[in-house]
Amino acid sequence: MATQTRYAPDRGLTVRMTATMFLLGLVFVAFVALIIGIMSAAHASIGAIVFIALVFGGGSAFVSLFFSDKIALAAAGAREVSPQEAPQLHGIVDRLCALADMPKPRVAIAPARMPNAFATGRNSKNSVLCVTEGLLRYSDLTQEELEGVLAHELSHVAHKDVQVMTYASLLAIVAGLLVRFAFYSELFGGGRRNSNDGNAALLIPLIMVASAVVYAISFLLIRLLSRYRELAADRSGALLTQNPSALMSALTKVSSGMSLIPTQDLRAAEPLNAFYFAPAMKLQGGGASLSALFSTHPSLEKRIEQLTKIQRELGQPGADPRSLR
Amino acid sequence: MGILDTLFGRTKPVQPKLDDLFGLPSAAVQLEAATGFKPTGSGSVSFRAAEGRPFADIQKEVLELLDMDNGKPGGGLPVEVTKDSYGYTWIVSNHLSDEMDALVTDLHAVNTALVDGGFGPQLLCTLVAFSDDSHRRLSLVYLYKRGTFYPFAPLPGRSDRRDNALELQVKGILGEDLKIEQDLARWFPVWGAPGL
C-alpha cells in the first residue's frame, strides 16, 4: 500500500539543522586535532589534564542522560500521577500516543504555578511527560490547547531530543572543564614543574584560550540547535493533532502567562529551560538580536509563523493528496 | 523512526492498518461460543478531525455514503456522529446483532474514505460493542496504527473501573483469532465511547 501524506517535510528546517550539526562537528574535530597537537608537543601532564576533562565531561553527560528523567522531576519537584489521579491528562496522552503509535511515557505533575510543560528521558521507554499545576489550573487553556502542548512534548520524546542535545553539548562540557582545569593547574601546578615541562608553561594558557573559544562557539551552536528542535517539535505536534490553531493559541496564552509570574519563580526554573514548552526566563539586557542568539526557544513570532504555514496547508483542497507526497 | 528522522526531528505520520478488521466476524462467533457475549450490532470509528475545509468535505461524503442504503433490506439504521470530551469524532454505525459482516463493511468504508483523502494518520481506533445476558458490557477496540485489538470492559454502574479479569479472559479466548495487543500499557480506557 502506497503511503500517502498531505504534508511535505520542511526542507528548509532540515537544511538549517544539518548545517548547525555540521558546524558543531567541525568545531569538535578542530578541537580534538588541536588538543592532540598540543599533547604531542608537550609533556604527559597536559595529557592527563585533557584525559581527566574527557572522563569527567563524558561521565557527567552520561549521568545526565541516564538519570535525566529523575533529575528533571526532582528539580521541578514533580510527582508521577496514576490514571486514577489525573484521568483527563492520561486520557489525552493515551490517545495521542495511539495516534502517533508510540509507547506512552510516564505522566507527572509539578506544583509550580507557572503554566509550562516538559518531557525528558533518554528514550521513549524511560521518558516522563511533566506538566505544571499552573498549566492545568491557572492558565485557562482549553482541552484542545492542552492537547497541543502535550503533542509538542510528545514530539520531543519521539525526536529523542534529550539524547541529541546531550551528545551535542558533550563538547561544550569538555571544553568548559578544560578551561577550569587549565586555570587551576596554572595556579597551583607552577611550583612543582620540572625542567622538562618548560614549554608546558606556555601551552597551558594556550589550551585555556582555545577551550574558551570552543566553548563559546559550541554554546551558541547548541542554542541554535535547540531552537530548531523546538520548531521541529511544534511542527510534529501540530501535524499529530491536525490542529495548529490550538497550539498557536496555547503558545500565546502560556507565553503571556509566563511574563506575569514574579521573577523569583522564573529564576528557580531556569536550569530546566531547555526542555520546557515555553522559556521561563527572558534574557536580561542586550538587544533583541543578542537575546535571540542565546535563547533556547525561538521567538513566539517565529513559532506562530511556522504554525500558520501548516494551517494553510491544511486548508488547501486535497483533490489529489498523492501529488503532495 | 530512522536515525535521520531522529537527527532532523521529523516524525512521519503513521498510516493505519486496515485489513485486520476483517477478522472480527469470526472472532465474534468464537467469543459468543466461549463466553456468551453477543455483538450489540453497534460499531464505531473514532478519528481526530483535522481543521480546515478538506477534512470537513470528506467527513460529509462518508456520512452520505453510509446513509445511502437506509431503509433497504440489510441496509441498517442511520449513522450517528458524536464528538467525545477529548475532541475525537465518532461515527457510529448500527446494525442488527447478527449482521457483523455488514457492520465491518461499514466501518471499512469509513476507513478507506479517510485514507483515500490522505487523512489515514487521523484514525484512532474502532470499537465494536458486545453484551451478555446479565447486561455486562464488553467492547473490542481495534488500534489502527498497531493493527491489533484489545478488550475493554467497563464495570456496570461505574465510570472509572474496568473488569480486568474479563478483559484478560477475552484476551486468552481470542488470542488465536485476532491479533491481540501484547503491550498492556496500550489498552487505554475509552470511557464514554458511544455505543458502549
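Among contacts in chain B between residues at least 6 apart in sequence, 66% join residues at least 24 apart; two residues are in contact if their C-beta atoms, placed from the backbone, lie within 7 Å. The model is predicted: local features need pLDDT of at least 70 and side-chain atom pairs count only at pLDDT 80 or more, while totals for chains, interfaces and linings use all residues. Residues are numbered from 1 along each chain as its sequence is written, and chains are lettered from A and ligands numbered from 1 in the order in which they are written.

Chain B contains five helices and six strands, in the order α-α-β-α-β-β-α-β-β-β-α along the sequence. Here helices (H or I, at least four residues) and strands (E, at least two) are DSSP runs, numbered from the N terminus. The radius of gyration of chain B, taken over C-alpha atoms, is 17 Å, close to the 16 Å that the globule rule gives for 196 residues, so chain B is as compact as a globular protein of that length. That rule is 2.2 Å times the number of residues to the power 0.38. The C-alpha trace of chain B spans about 50 × 45 × 30 Å along its principal axes.

Of the 196 residues in chain B, 42% are buried. A residue is buried if 20 or more other C-beta atoms lie within 10 Å of its own, exposed if 12 or fewer, and partly exposed in between. P54(B), in helix α3 of chain B, is buried, with 21 other C-beta atoms within 10 Å.

Two helices of chain B can be followed as a pair. The axes of α2 (residues 24-35) and α4 (residues 100-116) of chain B come within 9 Å and cross at roughly 140°. Axes are lines fitted to C-alpha atoms, for helices over the stretch in contact, and angles run from 0 to 180 degrees between N-to-C directions. α2(B) and α4(B) are therefore oblique to each other, since angles under 35 degrees count as roughly parallel, over 145 as roughly antiparallel, 65 to 115 as roughly perpendicular and the rest as oblique. L24(B), P25(B) and A28(B) of α2(B) make the contact with M100(B), D101(B) and V104(B) of α4(B).

Chain B also touches chain A: 32 residues of chain B are in contact with 43 residues of chain A. On the chain B side, α1 (3-8), α3 (53-67) and β4 (123-131) each supply at least two residues, and α1(B) gives the most, with three residues.
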